[in-house]
Amino acid sequence: MAHGDDGGDGPVEGPVEELPFETPSVFLNDHGWGPTPENEPAQFRFLPYCPFNKSDRLGKAAELTQSAYYLRMREQRRARFEDAYKVSNESLKYEYDVAEDKSFRMVDSEKGKKKTKSRFGPNFKQGGFGGRGRGGARGGARDVKALAVQNAPGDRRRLQGGPGAGGRGGRFGWRGRGGSYRGRMENRKASVNVESDWQVLEEVDLPQLSKLHVASVPEAEDLEWFGVLDQYNEAYDKVAARHERPLKPFDKILPYYVNTMDDPNLERYAAEEFAGQVFATDAVLAHLMTCGRSVYSWDLVAHKVESEQFPGGLLFLYVRDDEIALKTMTVNETATEMPPLPESEDDVNHPRNLELEATAINQNFSHQILKRPAAAPGAAAAPPTRKTFQANPFFNAEEEEEGLEPATVAYRYRRFQLGPYRLVARTELQGYLVRGGKEEFLTSYALNEWETQRWRQKIDMQKGSILATELKNNSFKLAKWAAQSIVAGADLMKVGFVSRVSQASAIDHLILGTTQYKPVEFAERMLNLKVTNMWGVVKWLCDKFLAPENNMEPGKYVLLKDPSKATLKIYAVPLDAFEGDEDEEEDDDEYDDYDDDGAPGEGGQATEEDEDEGPDVGGSTRQFSAPPQPGAK
């Protein structure tokens with residue numbers, strides 16, 4: 001339509017001009033999408049195809065609302081993105097150009113690296129300690145006091161100073177197993193060699209154990225008390241950085257590490273009718289309760305035997321003689337970063353020496369903070385601050401050297417009703433204190449500083465900050481302390497802060513301060529560890545071996561923590577497993593009775609006293625290779 005020349009508003013009838021429009025040629029593909037090779041457009045022929053990438057930014061068809069400033073900003077961002085994530089065709093990307101290759105020259109523009117001196121001294125080396133370890137060595141702990149792990153008569157283990165028989169091997173390859181410390185998970189070795197005749201029964205993810213709970217915490221019943229308890233010295237509550245106390249060595253004190261299978265009292269309870277169905281120590285139970293936080297490899301033995309009183313049988317949980325995971329304390333096991341490892345195994349900061357140092361510090365600290373008044377000469381009565389129970393079942397004065405005495409520890413045998421199972425455990429208490437006219441039992445432990453000496457500046461004003469760091473670096477160790485205190489029924493848990501006098505020496509230490517916590521509150525508030533979950537893990541293990549529906553045959557089983565991942569494997573092993581190590585030790589003792597020329601030495605000469613000596617007494621000689629049957633006498 002067209003308007004008239006007079007500018008009127010009415011429409012004017014007339015012919016309509018048609019605009020030219022050519023229909024494009026469209027190739028129809030009945031068997032797929034897109035043009036066929038025969039109908040390919042000429043302008044796109046012989047061009048490589050570049051696939052669409054979802055990271056390409058197509059933008060909008062038109063944007064008329066944004067200002068020029070935002071448009072420029074958008075273009076700049078798009079340019080940076082395209083430079084970083086530019087897509088190119090694969091065939092063109094790897095096409096070889098001879099001319100361009102000849103014109104290319106390699107230029108080294110990197111400046112030389114400046115060598116920096118390690119602040120940890122010349123003995124430290126960047127990287128890690130790995131590879132195969134050396135064979136086990138015999139001997140003491142060299143220059144470190146009270147650090148040698150020794151075998152005592154009767155297969156008991158203790159830590160004390162002086163020369164002695166060293167362990168067979170470390171857990172990181174320092175004495176025979178190879179491996180390394182933090183950050184080298186792939187090189188770690190298992191705590192025990194898995195033999196070809198071991199059968200894997202189950203593999204459990206340790207993080208899943210945190211979901212196990214019991215409806216209520218089992219009630220405890222005290223069976224018997226052994227040993228002695230000394231009163232806590234309140235003067236150590238006032239120790240500070242400006243009034244530190246030197247840590248004293250107690251070389252004449254014998255702390256015993258008696259296994260479940262070597263405990264004469266647990267043997268007696270197992271023989272009694274319906275006294276208990278599961279037997280363990282507080283250290284073993286605490287380790288199982290908190291094993292979800294462990295990093296290093298460890299193993300425990302579960303021995304199941306038949307019983308007439310209990311259809312499911314009896315279960316004994318214990319540690320191998322060669323496994324030192326439960327006899328020593330780890331250092332910074334859960335830390336995210338560790339300083340470089342020293343090259344020499346004799347270095348004071350080597351992980352193995354750090355574990356022995358931490359163990360000796362805990363032993364000495366637990367004895368030093370107690371009141372130990374000497375009784376009057378010739379007096380039969382004990383000091384007034386000492387609580388005396390039945391005689392120590394593991395100490396025999398006739399067998400020990402003159403002047404040695406057992407550690408001031410009370411062995412508290414307790415029975416727990418854990419669902420359908422009766423669990424009997426030997427627990428330990430280190431002392432007691434009097435508050436408000438009421439006696440409260442306590443356990444004592446010590447955190448030690450070895451890398452730096454910063455605690456002296458922070459201990460008085462920022463003790464909470466130091467503890468927070470230790471909770472991060474030693475979460476597993478602190479969780480075991482709390483669990484062990486809860487199982488023992490301790491009212492308080494004393495924690496000391498100990499630091500080296502010199503960073504280069506692991507012999508002399510200073511007590512910088514102490515603090516105390518209620519074990520249950522410490523576990524739940526500080527460690528986010530529920531008591532119901534701790535007992536839930538133990539009950540799960542009891543169900544695994546004793547529940548009739550699981551059909552676990554009587555025998556010996558090994559619980560092994562994988563060295564490289566958070567999994568727990570359960571193996572069925574022969575009944576004679578680990579007995580070869582004991583035979584080897586006996587052979588070594590036989591060879592010790594001969595001198596270098598093959599003639600019998602002093603140790604091989606029998607004396608009249610040996611011939612006339614009657615049966616041994618004391619806990620040091622009470623052993624049984626297999627758990628006794630209930631009702632046996």
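I counted a salt bridge where a side-chain nitrogen of Lys or Arg lies within 4 Å of a carboxyl oxygen of Asp or Glu. The model is predicted, so I kept its limits in view: local features need pLDDT of at least 70, side-chain atom pairs count only at pLDDT 80 or more, and totals for chains, interfaces and linings use all residues. Residues are numbered from 1 along each chain as its sequence is written, and side-chain values use heavy atoms, with hydrogens and water left out.

Entry 1, salt bridges. My search of the whole structure returned 17 salt bridges. One of them joins the side chains of E202 and K544, at 2.6 Å from N to O. E202 sits in strand 3 and K544 in helix 11 (residues 531-546), so this pair ties together parts 342 residues apart in sequence. I took helices (H or I, at least four residues) and strands (E, at least two) as DSSP runs, numbered from the N terminus. For burial I used relative accessible area: buried is under 20%, exposed over 50%, and partly exposed in between (1.4 Å probe, protein chains only). K544 is buried at 15%, whereas E202 is partly exposed at 28%.

I then looked up K371, which forms a salt bridge with E234, the closest N and O atoms being 3.5 Å apart. K371 lies in the loop between helix 6 (351-368) and strand 11 (386-388), and E234 in the loop between strand 4 (220-230) and strand 5, so the pair ties together parts 137 residues apart in sequence. K371 is partly exposed at 27%, and E234 is partly exposed at 31%.

Within helix 11, I found D543 and K539 4 residues apart, separated by about one helical turn. Their salt bridge has its closest N and O atoms 3.1 Å apart. I also noted a network of salt bridges linking D222, R412 and R414.

I traced an open sheet of 5 strands in the order 5-18-17-16-15, with mixed pairing. Its edge strands, each pairing on one side only, are strand 5 (245-246) and strand 15 (431-435). Strands pair here if DSSP finds at least two bridges between them. Strand 17 (residues 492-500) and strand 18 (residues 509-517) run antiparallel, joined by 8 bridges; M493 has Y517 as its bridge partner in strand 18. Strand 15 and strand 16 (residues 438-449) are also antiparallel, with 5 bridges. In their hairpin, which has 2 residues between the strands, G436 takes a positive phi near 65°.
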